[in-house]
Amino acid sequence: MSEHQPDQPDQPGEYDDDFDDIVHAETTRDPDLAVIEAGSRTLRTQAGPPQGDGVPARPADPEVDRALRAVEQELAGRWGETKLEPSVTRIEALMDVLGDPQRAYPSIHLTGTNGKTSTARMIEALLGAFDLRTGRYTSPHVLSVTERISLDGEPISPERFIETYEDIKPYVDMVDGAQEYRLSFFEVLTGMAYAAFADAPVDAAVVEVGMGGSWDATNVIDATVAVVTPIDLDHTDRLGSTPGEIAVEKAGIIKQGATVVLAQQPVDAAQVMLKKAVDVDATVAREGMEFGIVSREVAVGGQMLTLRGLGGEYEQIFLPLHGAHQAHNAVVALAAVEAFFGVGAEHARPMDLETVRAAFASVVSPGRLEVVRRSPTVVLDAAHNPAGARAAAAAVGEAFGFSRLIGVVGASAGKDVRGLLEALEPVFAEIVVTENSSDRAMGADELAAVAVELFGDDRVQVEPRLDDALEAAITLAEEDEEYAGAGVLVTGSVITVGEARLLLGKG
């Protein structure tokens, strides 16, 4: 394996101290929080703070920051998202003592393997453009746990997050005392989201499942629209070893009389979904049948789309996200909002075109083929399974046209890292393997062993520290004038992307 040494920072030790702070913070709390506590820092050039990208920084007020850290620490003491007891008994008990806040508003519920968060953000943007007050609940987060709960298109404020936690805490304690197991981290956050939405109050909630469907904590809502993004293999130890088996669990979000919006699916998964829809008398809208993409062209900063929805055709839709997979997410989001408004069932006319255009043009999806630096260009993508990696590989080639692409990959243990790397190998000239600071991170040496088998020894560099890995990749991209158009893609895990985002000055 290559042992190329990157250029050293101007102030030796500065990066080391920052990175050590991150590691310390991450190893003393639940890794699912993935809250990066070190201050902003850069590698060689300033990237500047994000503008309206939906990723909040730490609170500026020290008192608020301390209070938020205290809440995070209490949440960290609960079961993390990787430890599950498959039932909705505890969350149902919490909803009951809270007065069933999840029934105070209509909702759109999303499941699937990839694309849920981006699709949820698009649905949120569309509903907001039509003057509805929205609540969005998604997971995991890129930098701050407050990202998971969104009101009116913006992450919940730290003050409101803290207030919501304090409001429901007595009821959480009550349920904890009555159940065999305490409420988990994800269950408490779900309760907070539903309570915050009712308190706002919102006109509509957009809710992404955490894992699966039937026994996911979010599945105490009776969504009028169920959205199923593409199903592929992930969490196979808990959900099943084929798309069809996984679909059985995910079909649990389809409720009696709802409308089901199905993205393109493997045949066995589609069969499961259609059978469930028949069983509960749900209406089905299928991508490629009732709605779909008419045309798609790469454009500066994204892509230009013509979409066929349930109510008609929508031309000249600019989407500021890269990749064919995001175009598919967009048309699924469009159909979901049409179904929510009764388009295609109660009436067939399309929604207002200019409003739809404005909504899609405003969409951001942090950590999804997100450019965080130029010269050389550094792109972040949260792909963490083979299907996501294939989509990212295709999109980065289409959108950026790099003369050479350097990969930085840090993955989580227990994932199909071989499949992930196989998807990326054709597009990476070289790969720098690393690890993030989560307790769930796969060790750099273990990841390197798989990478060497696929890439060969001379294309693999090992840098266990993420800051060193980023510096090494940027150096490789810059080192030869012949490769003036070289770029860097950081991928493998949402946590890796979140930490890289901060290290590159985007937080």
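The largest cavity is lined by Thr-117, Arg-121, Arg-136, Thr-138, Pro-140, His-141, Val-142, Glu-147, Arg-148, Pro-366 and Arg-368. A cavity here is a set of points on a 1 Å grid over the protein atoms alone where a 1.4 Å probe fits but cannot get out, and a lining residue has an atom within 4 Å of a point. The model is predicted, with pLDDT of at least 70 needed for local features and 80 or more for side-chain atom pairs, while totals for chains, interfaces and linings use all residues. Residues are numbered from 1 along each chain as its sequence is written, and side-chain values use heavy atoms, leaving out hydrogens and water.

The volume of this largest cavity is about 70 Å³, where a volume is the space filled by probe spheres set on the points, and points are joined across faces, edges and corners. In the whole structure, the search finds 1 cavity of 30 Å³ or more. What classes of residue make up the lining? There are 3 nonpolar, 3 polar and 5 charged residues; Asp, Glu, Lys and Arg count as charged, Ala, Val, Leu, Ile, Met, Phe, Trp, Tyr, Cys and Pro as nonpolar, and the others, Gly among them, as polar.

Arg-136, one of the lining residues, also belongs to strand 2, residues 134-137. Strands (E, at least two residues) and helices (H or I, at least four) are DSSP runs numbered from the N terminus. Thr-134 and Arg-136 on one side of strand 2, and Gly-135 and Tyr-137 on the other, are all buried, meaning under 20% relative accessible area with a 1.4 Å probe and protein chains only.

Which strands pair with strand 2? Pairing requires at least two DSSP bridges between two strands. Strand 5, residues 204-208, pairs with strand 2 in the parallel sense over 4 bridges, and Thr-134 stands opposite Ala-204. Strand 3, residues 149-151, runs antiparallel to strand 2 and is joined to it by 3 bridges; there, Arg-136 stands opposite Ser-150.

Three strands form an open antiparallel sheet in the order 9-10-11. Strand 9 (292-299) and strand 11 (313-319) are the edge strands, each pairing on one side only. Strand 10, residues 302-308, is joined to strand 11 by 5 bridges, and Gln-303 has Leu-319 as its bridge partner in strand 11.

Definitions and conventions. Buried means under 20% relative accessible area, exposed over 50%, partly exposed in between (1.4 Å probe, protein chains only). On a 1 Å grid over the protein atoms alone, a cavity is a set of points where a 1.4 Å probe fits but cannot get out, and a pocket is an open set with protein on both sides within 12 Å along at least five of seven lines; lining residues have an atom within 4 Å of a point.
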